[in-house]
Amino acid sequence: MEARYQILLIFYSLGLLVLIWQFTRRGLFRPAYALLWLLTGLFFLFFSIFRQLVPILAEYFQVSYPPSLIFAGAIGFLTIILIHHTVLLSMYSNKNKDLAQDIAILEWRLEQLEKYTDQPVAIDAETSTEIENGVEPE
Amino acid sequence: MIPAFNEEATIAKVVKDVKEILPETFIAVIDDGSSDHTGEVADQAGAHVFTLPYNIGIGGAVQTGLRFAKREDFDFVVRIDGDGQHFPSDIPRLLQPVMSGEADVAIGSRFFYGGWKADISIQRKMGIYLFATLASALSGKKITDPTSGFIIMNKRSAEFLANNLEQDYPEVDSRVSLVRAGFRVLEFPVEMRVRQGGVSSINTIRAIYYVIKVTLSILIAKTRNYI
């Protein structure tokens, strides 16, 4: 029964690692962001294989209920991942704001340019050629 | 500079009033992703309209103007609200101390002489009192109207704020950060009207979030290092 549980845990950890690997391989995860997840997966795999380490560690840290050590470790990893996500989210929302501001400023400058040249600035090569040849773009 | 979010009812008058007082000035309306015709109305009134692709918050909108001012190397930046609550006729009086170098930043205060205006709700008074107390304590300067959006900046302070401004509700904590960064911030008494139209961006549900968020921002502004 103990062994069955261990096999289940090993499969779970391997499944997690394979999933992360596949996500990264297909470009759904950027490798830099997959790193923390891989470490989490390896943490689970390590302790599901070397299960006998858990009570030893628990004794060392004077934890009366050994599995709670694994929970603590898991929560620790998840917390780090979540903090990492908040950092990334803040960074991207900041960059997003900068881009929105750039768009507003560039759009204004483009309008000035269009007023100055008295014709719309071409949006693609085809239109550009049409304007050069004196054809009024649609 | 006039940040505006859905202010089509009032923006034209604000722009025209400013134009009358300061005919030579570059008037920028930052349309913060309005869903009404704020941008068109402001354009027809003779302002330069900067259209943000979506709503990014008042601080982000103001920052757009500040970044543009920095780019164009403007000497002074005046920020007033688009809802018509500020009197553009006050601008020259507030601009004077900044132009003369007496202050880096001049801010119009409704409560300069103490006392409350009758038309402000009790919740708002409580919020303003809390922020005034906090911002005064943390900046070491007496601040009577911490949420005022009537601000006049010289080049240096405008540039500082272009780099250090909260994306939403930036007024209160920028008071602390400006003082901490060594800028001379002076308040001047002004009258303000109740908004002349449109809807305030702060409704009841947001008020609680507003208070907590701004309090946090003030504390952060106090502890952050400004170079």
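Is D102(A) buried, partly exposed or exposed? At 27% relative accessibility, D102(A) counts as partly exposed. Buried here means under 20% relative accessible area, exposed over 50%, and partly exposed in between (1.4 Å probe, protein chains only). The model is predicted, so local features need pLDDT of at least 70 and side-chain atom pairs count only at pLDDT 80 or more, whereas totals for chains, interfaces and linings use all residues. Residues are numbered from 1 along each chain as its sequence is written, chains are lettered from A and ligands numbered from 1 in the order in which they are written, and side-chain values use heavy atoms, with hydrogens and water left out.

The two chains are described in turn. Chain A contains 5 helices and 0 strands. Its elements run α-α-α-α-α from the N terminus. Helices (H or I, at least four residues) and strands (E, at least two) are DSSP runs, numbered from the N terminus. Of the 138 residues of chain A, 21% are buried. Chain B has 8 helices and 7 strands. Here 52% of the 227 residues count as buried. The C-alpha atoms of chain B fill a box of roughly 45 × 40 × 35 Å along the principal axes.

Salt bridges were then counted. A salt bridge is a side-chain nitrogen of Lys or Arg within 4 Å of a carboxyl oxygen of Asp or Glu. The count over all chains is 15. One of them joins D102(A) and R67(B) at 2.4 Å, N to O. This pair crosses between chains, from helix α4 of chain A to helix α3 (residues 58-72) of chain B. R67(B) is partly exposed, at 25% relative accessibility.

Other bridges lie within chain B. R79(B) and D81(B) meet at 3.0 Å, N to O. R79(B) is buried at 3% relative accessibility, and D81(B) is buried at 13%. R175(B) and E187(B) form a salt bridge of 2.5 Å, N to O. R175(B) lies in helix α7 and E187(B) in strand β7 (residues 185-189), so the pair ties together parts that are 12 residues apart in sequence. Both R175(B) and E187(B) are buried. Helix α7 (residues 171-180) of chain B is mostly covered, with 9 of its 10 residues buried. After α7(B) comes G182(B), with a positive phi near 95°. A network of salt bridges links D73(B), D75(B) and K155(B).

Surface patches were also identified. Patches consist of residues with over 30% relative accessible area and no salt bridge; like charges are joined within 9 Å and nonpolar side chains (Val, Leu, Ile, Met, Phe, Trp, Tyr) within 5 Å. Lys and Arg count as positive, Asp and Glu as negative; His and the chain ends are not counted. Each charge is placed at NZ of Lys, CZ of Arg, CG of Asp or CD of Glu. E107(A), E111(A), E8(B), E40(B) and D43(B) gather in a negative patch. Helix α4 (67-117) of chain A and α2 (38-44) of chain B each give two or more residues to this patch. D43(B), in helix α2 of chain B, is partly exposed at 46% relative accessibility.

A nonpolar surface patch consists of L19(A), F23(A) and L28(A), with about 290 Å² of accessible area together. Accessible areas come from the Shrake-Rupley method with a 1.4 Å probe; for residues, only the protein chains shown count as cover. L28(A) sits in the loop between α1 (2-25) and α2 (31-49) of chain A. L28(A) is exposed, with a relative accessible area of 60%.
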